[in-house]
Each structure stands twice: as C-alpha cells, then as structure tokens.
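Good morning, and thank you for coming. I shall present one structure today, and I ask you to keep it in view while I speak.

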Amino acid sequence: MKDLAAIAVFAGVVGGLTWGLESGVWLTFLMMALYVALLAQAWNMLGGYGGQFSFGHAVFFGTGAYVQAMAQLGLGWNAWLALAAAIGAASAVGAGIGALTFRYGLRGSYFALVTLAFAEVFRIVSVSVGFTGGGVGLMLPLRESFGNLQFGSRKGYIVLVLGFVVAALLVTGWLRHSRFGARLQAVRDNEDAARAIGIDPWAVKLGAITLSAAFMGAGGAFYVQVFQYIDPSLAFGPTSSVEALVAAIVGGMGTLWGPVLGAAVLHLLAELTRNLFGELPGLNMIVYGVVLVLIVLFAPRGLSGVGRSVRDLLRARRG
Amino acid sequence: MSVAACATCCGRGVAEPLLALDGVSIAFGGLRAVQQVSLEVQSGTLSALIGPNGAGKTTLFALISGFLVPDTGRIRFDGRDITGLAPHRIARAGLTRTFQIVQPFAAQSVRENIAVGAHLHEPRRAAALAQADAVAQRVGLGALLDKPAGDLTVAGRKRLELARALATRPKLLLLDEVLAGLNPQEIAEMIPVVRALVADAADGGTTVLMIEHVMQAVMSLAGHVWVLAQGELIAAGSPAEVTRDERVVEAYLGHGTAARLRAAAA
C-alpha cells in the first residue's frame with residue numbers, strides 16, 4: 001500500500017511538472033531521465049531482484065526498437081499495434097535467451113558475458129540482413145498524430161514514457177510483495193537453499209528475464225517513436241545496456257526507487273558536463289564510469305542506500 | 001554387504017515406509033563416498049544418522065534430497081520413486097533438507113526468510129507471512145522476526161534454517177547438524193524444539209531424519225540410529241545398541257580399540 005501511494009504521488013508530481021514546464025530544454029531533460037529510468041527499472045527486475053547481472057540488455061532494447069520500426073514500415077501496422085508487437089518480441093527474445101542460459105546454469109560473470117555476446121550477435125546480424133535496413137538503419141516518416149504515436153510536443157512523449165515507468169514501478173512493487181518476487185529474491189540470495197525449499201530457479205529466473213525484457217523492449221520502441229530512426233549500433237550497441245545497469249547500480253539495485261533516482265542523478269550529471277565541456281562524444285560515458293566506480297567503492301547499496309551504508313560503516317568502525 | 005538396516009528393528013509392517021533407500025551408491029572419481037546404502041524410515045519417527053567425519057552422511061542427504069543423483073540404487077519417498085528428481089520437485093513432494101553450513105537469505109528479514117518456505121503451499125503473501133510468524137514461535141525465533149537474517153548469531157541461524165524448512169510443512173525433514181557450533185546451553189534449548197517437531201501431531205507431525213555429532217542429543221532424541229563409516233552402513237539399532245557395537249567403536253576410535261577397551265575393562 002505504501003508503495004502504491006508513493007507511485008501515485010510520483011506520477012502526480014511528474015505529471016504536474018510536465019503540465020507546468022514550458023522550457024524545451026527541461027522537458028527534454030525530463031523525458032530522457034524518465035526514459036533512462038525505464039531502462040534501469042527493467043534491468044533492476046532481473047539484476048536487482050534476481051541477482052542476474054546482464055551486460056547485454058541492449059539485445060531486448062534493440063529488438064523492441066527494430067520491431068517497432070519494421071512493423072510500421074514493412075507490414076504497415078499501426079504504431080500502437082507495433083508497440084504491442086515490439087514488447088511481445090522483446091519478451092520472447094528474453095525468454096529464449098533466459099531458457100538457454102539458465103538451463104545451463106550460467107551465473108555471475110558468465111551470464112554477463114553471454115548476454116553481452118547475444119547483443120553483439122544481434123548487432124552484427126542486423127547489419128548483415130536486408131529487412132533491418134542493414135547498416136543504414138530504418139527511418140520512420142514524420143506523421144505527427146496520436147494514432148501514429150508521434151507527438152508535436154515533448155509533453156506527449158513524456159506522458160507515454162511516464163506510463164511505462166509507472167507500469168515498471170508497479171511490477172517492481174509487485175515483486176516486493178508477491179510469492180514470485182519472494183522466490184526471485186530467494187534465488188538471488190542463495191540458489192541451493194531456494195531449491196531445498198521447493199523453488200525451481202530456472203522457472204523463476206526465466207519469468208524475471210521475460211518481464212525485464214518486456215520493459216526494455218518498450219524502451220526501445222519508445223526510442224524509435226521519439227527519434228524516428230534506428231540503426232544497428234543504436235539498437236544493439238552497448239549504450240542502452242550501460243545506461244540501464246549504471247543507473248540501477250548508482251541508484252540502488254533491488255530497491256523500488258533506486259533506478260529512478262539513479263537515472264535522474266546520472267542524467268543531471270551528463271547534462272552538467274555537456275554544459276561545462278561542450279559536446280564531446282562519449283563524455284557522458286566517462287562520467288558514468290567515474291560515478292559507477294565511486295558508488296561501488298563508497299556506497300555499495302547505491303544512492304538510495306547511502307544512509308544504511310554509512311550506518312554500517314560507523315558500526316564496523318566502533319565494533 | 002551392507003547391513004539390512006531395518007529388518008532388525010522396525011519390523012516390516014503393513015505400511016510402506018515413508019522413505020526407502022535401496023542399494024544407493026555414488027562415487028566421485030575414485031572416492032566411493034556412499035556405497036550400497038539401504039535403509040527405511042517409518043512415518044512419525046525421529047531417527048539419526050551418525051558416523052565419523054567424512055563418512056558420507058551429508059552426501060547421503062544430498063542424494064536423498066536430489067542435489068546429487070546416485071550412480072546406482074533407487075530412492076522411494078511417500079509411495080513414489082524420487083531417484084533423479086530435481087531438488088525442488090522432491091521438496092514439493094514433501095521432503096525438505098537443511099544445510100550443515102547454514103544458508104540464510106541474508107538480505108531479507110527472518111520473517112521473509114521463513115515466508116519463502118511457507119510459499120511452497122501458500123500463494124498469498126500475507127498468509128505466508130502469518131505462517132512465518134507461527135513457525136518462528138515454534139522454534140523460538142519469535143522475538144527476532146524483523147531482524148535481517150545476516151545479523152543473527154550462529155544459534156539463531158540454525159533455528160532459522162530449521163524454521164524455513166519447517167515452513168514448507170514437510171512430511172520428512174532432513175536435519176543436517178542443526179546442533180553443530182552451539183554451546184551446551186543452546187543445545188539444551190534446541191533439543192526440545194526438535195523433539196516437538198515429531199510430537200506435534202496437531203500439524204500432521206513431521207518425520208525427522210537427522211545427522212548429528214552431539215551424542216547427548218542423539219541418545220535423548222532418536223528412536224533409531226544408523227551408523228555410516230567410509231560410505232557404508234556398518235550398524236543400525238537403538239542408540240544404546242549402536243554405541244555398544246564394536247564396529248561402531250572402532251569406526252570412531254580406530255582399528256583395534258574395541259579389543260583394548262575390553263581388555264582394560266576386564
């Protein structure tokens with residue numbers, strides 16, 4: 001109940017902010033921060049609550065993005081229908097990769113490397129085959145209308161991505177208060193102990209990666225609708241994988257609000273450095289890297305857990 | 001050949017035993033960790049598996065609970081063959097083990113830990129948490145429900161390990177050294193808890209098979225004892241019988257000890 005109330009307040013505040021803001025810069029900032037929060041929350045479902053650290057969440061992001069574009073361009077589908085297909089396709093890819101990797105018991109760094117490899121394979125394939133437009137990528141024609149999921153103002157997109165973020169928060173809240181979530185966290189904390197009390201780790205992790213992939217796919221579809229363009233390295237390159245996991249880790253894995261907080265803080269930092277140092281390509285990644293190192297060293301629970309980390313540190317000093 | 005374990009003691013009644021092992025063996029490379037073990041556990045009993053370090057007791061538990069698959073032999077539980085089933089399927093069938101090295105879900109509270117066990121038969125979160133409270137009272141963790149499991153003492157963790165397994169409402173509970181690492185005071189507190197598991201007919205009564213090194217506990221708790229040494233069952237019977245058994249004495253104290261003890265006593 002507390003979680004539900006907090007999510008409602010969050011939606012209200014962000015909605016009100018969107019209503020009131022007129023500055024294009026700030027609206028874009030809000031939109032991008034929410035977009036990263038969506039990716040981070042998607043990653044958090046599997047990484048934070050399931051303990052399975054994916055380095056290749058771009059594979060779901062890219063699948064969502066490409067299906068969103070191809071369904072409209074190739075099949076002539078309505079954009080909303082394409083969105084459903086994009087989310088469905090991403091979760092199917094998630095289930096497929098999950099079924100394989102978890103079947104063979106891959107954990108920890110092995111799982112991370114395999115997901116990274118899958119993303120690379122998808123990137124190379126999407127360069128090579130015709131229906132993805134190859135290396136040139138795909139461009140959506142500009143047709144602003146609600147039916148086409150294209151909005152004249154940032155505000156329309158913000159409402160859309162806010163909807164996704166709220167849905168992701170609700171699913172995460174459900175993970176915190178449900179049998180499935182309890183089992184997922186049990187598998188994260190100790191797989192053998194979980195098995196001994198009747199939990200099938202494979203089934204639980206498979207459920208988590210499918211959920212996580214669905215939201216990542218929604219993020220990819222959103223990206224295509226906003227920028228009306230996708231190419232192999234935007235879709236399957238490391239950027240979205242890194243943004244998702246860094247924001248979740250910086251904010252606090254396995255928490256409801258950590259990924260949202262992490263996304264906001266990182267995005268703010270990236271904007272600041274851009275203002276200070278100008279438009280150097282890749283600079284935001286350097287900033288992300290430095291912040292990630294600092295967080296892992298000094299606040300392993302992430303920003304939302306700083307209070308507890310400090311308490312533990314003091315207790316350890318005294319004890 | 002191994003000792004025909006139960007023929008001498010339990011008497012082959014009409015009822016099928018809850019657990020029956022038939023010639024179970026496993027080898028790791030050249031090490032024959034468990035060899036041709038056959039034993040039967042009757043419903044509603046509390047029995048113990050003892051033996052020197054490295055005898056293969058924990059390996060045998062791993063075989064029964066599905067964490068290892070035997071090279072040869074069959075395992076029947078509650079009327080069905082469970083040989084080679086995955087651990088979670090065996091747990092769902094009603095057989096739960098605890099671990100010698102306690103394995104709490106450290107990031108979660110005591111209540112949440114136990115509730116994960118209760119969720120085996122209870123899909124609703126609130127009901128599982130309520131069951132966790134009840135189970136915690138039974139094992140004496142009632143005051144620590146909101147503590148993070150990682151903050152518990154060794155004694156507390158042992159109780160948690162027991163509580164989490166108990167929350168799955170097992171027909172058969174395999175306890176792997178729940179008393180190890182406890183001080184005499186804590187052992188004295190824990191023994192009635194274990195005894196109550198079987199006696200509590202109110203919740204169907206659990207059958208318990210325990211690995212235990214604390215002989216004081218084995219003597220006061222177990223109705224029947226199996227002795228495992230170097231992977232083989234070497235003796236079975238009541239606690240008093242097996243502690244008099246010369247093979248058992250030699251397994252613990254070394255070859256020839258029984259004769260020397262006899263000579264010394266004479």
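**A residue in chain A**

I begin with A:A40, which is buried: 33 other C-beta atoms lie within 10 Å. Please bear in mind throughout that this is a predicted model.

Where does A:A40 sit? It is found in helix α2 of chain A, residues 24–47. Leaving aside residues up to four places away in sequence, A:A40 touches A:A244, A:A247, A:A248, A:G251, A:P259, A:G262 and A:A263. Consider also A:G258: 218 residues separate it from A:A40 in sequence, while the two C-alpha atoms are 8.9 Å apart in space.

The helix that holds A:A40 is itself mostly covered, with 18 of the 24 residues of α2(A) buried. From its first C-alpha to its last, α2(A) reaches 34 Å, close to the 34 Å expected at 1.5 Å a residue.

After α4(A) comes A:G105, with a positive phi near 65°.

**Chain B as a whole**

I turn now to chain B. Its secondary structure comes to 10 helices and 10 strands. Along the principal axes, its C-alpha atoms fill a box of roughly 60 × 40 × 40 Å.

Of the 266 residues in chain B, 46% are buried. If we take the contacts in chain B between residues at least 6 apart in sequence, 65% of them join residues at least 24 apart.

**The sheet of four strands**

In which order do the strands of the open sheet of 4 strands in chain B lie? The order is β2-β1-β4-β5, and the pairing is antiparallel. At the edges stand β2 and β5 (80–81) of chain B; each has a single partner strand, so one side of each is left without a neighbour in the sheet. Helix α1 of chain B, residues 57–64, packs on this sheet and touches β1, β2 and β4 (72–77) of chain B, its direction making about 65° with that of β2(B).

Within this sheet, let us look at one pair of strands. Strand β1 (residues 19–28) and strand β2 (residues 31–41) of chain B pair in the antiparallel sense over 7 bridges. B:L19 has B:V41 as its bridge partner in β2(B), and B:F28 has B:L31. The two strands form a hairpin with 2 residues between them, and B:G29 in the turn has a positive phi of about 60°.

**The sheet of six strands**

Chain B also has an open sheet of 6 strands, in the order β6-β7-β8-β3-β9-β10, with mixed pairing. Its edges are β6 and β10 (232–237) of chain B, each with a single partner strand, so one side of each is left without a neighbour in the sheet. On average, neighbouring strands of this sheet are turned by 15° against each other, direction ignored.

Strand β3 (residues 46–50) and strand β9 (residues 224–229) of chain B run parallel and are joined by 4 bridges. The bridge partner of B:I50 in β9(B) is B:V227. Helix α9 of chain B, residues 246–253, lies across β9 and β10 of chain B and runs at about 130° to β10(B).

Most residues other than glycine have a negative phi. B:R169 lies in the loop between α5 and β7 (172–176) of chain B, and B:E177 in the loop between β7 and α6 (184–199) of chain B.

Are these residues buried or partly exposed? B:R169 counts as partly exposed, because it has 19 C-beta neighbours inside 10 Å, whereas B:E177 is buried, with 21 other C-beta atoms within 10 Å. The cut-off for a buried residue is 20 or more.

**Where the chains meet**

Finally, how many residues does each chain bring to the contact? Chain B gives 25 residues and chain A gives 17 residues. On the side of chain B that touches chain A, α2 (87–93), β6 (95–97), α3 (110–118), α4 (125–139) and α5 (154–166) of chain B each supply at least two residues. By class, that side has 12 nonpolar, 8 polar and 5 charged residues.

How values were computed:
Residues are numbered from 1 along each chain as its sequence is written. Chains are lettered from A and ligands numbered from 1 in the order in which they are written. This is a predicted model: local features need pLDDT of at least 70, side-chain atom pairs count only at pLDDT 80 or more; totals for chains, interfaces and linings use all residues. A residue is buried if 20 or more other C-beta atoms lie within 10 Å of its own, exposed if 12 or fewer, and partly exposed in between; C-beta atoms are placed from the backbone. Two residues are in contact if their C-beta atoms, placed from the backbone, lie within 7 Å. Ala, Val, Leu, Ile, Met, Phe, Trp, Tyr, Cys and Pro count as nonpolar, Asp, Glu, Lys and Arg as charged, and the others, Gly among them, as polar. Two strands pair if DSSP finds at least two bridges between them. The expected span of a helix is 1.5 Å times one less than its number of residues. Axes are lines fitted to C-alpha atoms, for helices over the stretch in contact, and angles run from 0 to 180 degrees between N-to-C directions.
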